Amino acid sequence: MIPFFDISSENAKYLDFFSSELKKFIAEGDYILGNHVEKFESEFAEFCGTSYCLGTSNGLDSLRLIFEAYKKIGLLQIGDEILVPANTFIASILAVVQSGLVPVFVEPKINSFNMSYEDAKDKCSFKTKACLIVHMYGQLADTDLFKKLSEENDLILIEDSAQAHGASKNKKKAGSFGDASAFSFYPTKNIGALGDAGAITSNNAELINCIESLRNYGSQSKYNYSYLGFNMRLDSLQALFLSKKLKDYPTNILSRQRIASFYCSNVRNEKIKLPEYPNNMSHVFHLFVVKVENRNHFIDYLEKNGVGSHIHYPIPPHKQKSFLKYNHLNLPLTENNHNKVVSIPLYPSLNDLQLKKIVDVLNCY
Ligand SMILES: Cc1ncc(COP(=O)(O)O)c(C=O)c1O
């Protein structure tokens, strides 16, 4: 069986490094924030091309901290409307709702998994104060168009870059297009930690100061608390591991892009709709997602023929029980995507034989 993802083989090459670093780490006792976190923050800010980066506990908390900080510095208020893609992972919407803001669900573009500029423009009103773009599956959203929409309507532009570390356009990377951006280093992400971890990037010093305080109980100096804050810090041990992984990441992106273009050039089957994307660095292939009509049948077939797969995601956020209030919404393009999507294996440790087998299985369906 070719597994959908093989996390232990992806991390196996770091075993020696991590074992020896762990011994030093225990001896040093620098366990909360401190040097490892600061080092990773400055490396990740440089990687993204932003002035600042703050490590956080995970991707959802990164988004929560961004919204909370915008409320604290007076640029958002409870009840403000936020444009969000309906076609996303639930965390993007949860962060908006948990911050007391109102999500306005925007459909994806036709033949795309990313948010439609036209639908966003139509749904933008005097109550809209921010736009959250999600770079779905690793592909940059239409950053120029959403920047224009934000400038014309005085909106804060926030990126959810949880799936798109390093995706770039004209050398500008995910995390540097908006006013602030959230990242996740969940273990299966392109840069994955050994547990939960996240980050925020921005060029806004005031926002970053506020987030720095909010992530650490609202403290601005030891035992002085200006805000009702949280404990949403990046774990130091994860920071150490992430620094190491970040160094290798450019090669990881190239492997992912090579595998994606192998699939696109070799899979020829009318029953399987391949993703459409421009042939440049704007897609880092966190996931390779195809669309099929009879999904259960297709997944059974893959399973019987030794190819693992996964669904990202089977039920859209607005149809979840937790979002009862939004269940009535009619978002046909989003629902169509969620009914048809299947992710097939794409990770750097897949070898040529495995790739050939996957292509053969797909072509014989
Ligand atoms: C688009 C998107 N946003 C936010 C998150 C939340 O990240 P985390 O799982 O680190 O909280 C994820 C990841 O799972 C995601 O895919």
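Both Glu 68 and Arg 64 are buried, a word that here stands for under 20% relative accessible area, with exposed meaning over 50% and partly exposed in between (1.4 Å probe, protein chains only). The model is predicted, so local features need pLDDT of at least 70 and side-chain atom pairs count only at pLDDT 80 or more, while totals for chains, interfaces and linings use all residues. Residues are numbered from 1 along each chain as its sequence is written, and side-chain values use heavy atoms, with hydrogens and water left out.

**Salt bridges within one helix**

- Glu 68 and Arg 64 form a salt bridge with their closest N and O atoms 2.8 Å apart, the term meaning a side-chain nitrogen of Lys or Arg within 4 Å of a carboxyl oxygen of Asp or Glu.
- Because Glu 68 and Arg 64 are four residues apart in helix H4 (residues 59–72), about one helical turn separates them; helices (H or I, at least four residues) and strands (E, at least two) are DSSP runs, numbered from the N terminus.
- Asp 360 forms a salt bridge with Lys 356, where the closest N and O atoms are 3.2 Å apart, and both residues lie in helix H12 (residues 352–363), four residues apart, about one turn of the helix.
- Asp 360 is partly exposed, with a relative accessible area of 35%, and Lys 356 is partly exposed as well, at 48%.

- The side chains of Glu 41 and Arg 215 meet in a salt bridge (2.8 Å, N to O), which links distant parts of the chain, 174 residues apart.
- Glu 41 lies in helix H3 (residues 34–48), whereas Arg 215 is in the loop between helix H8 (205–214) and strand E10 (219–221), and both residues are buried.
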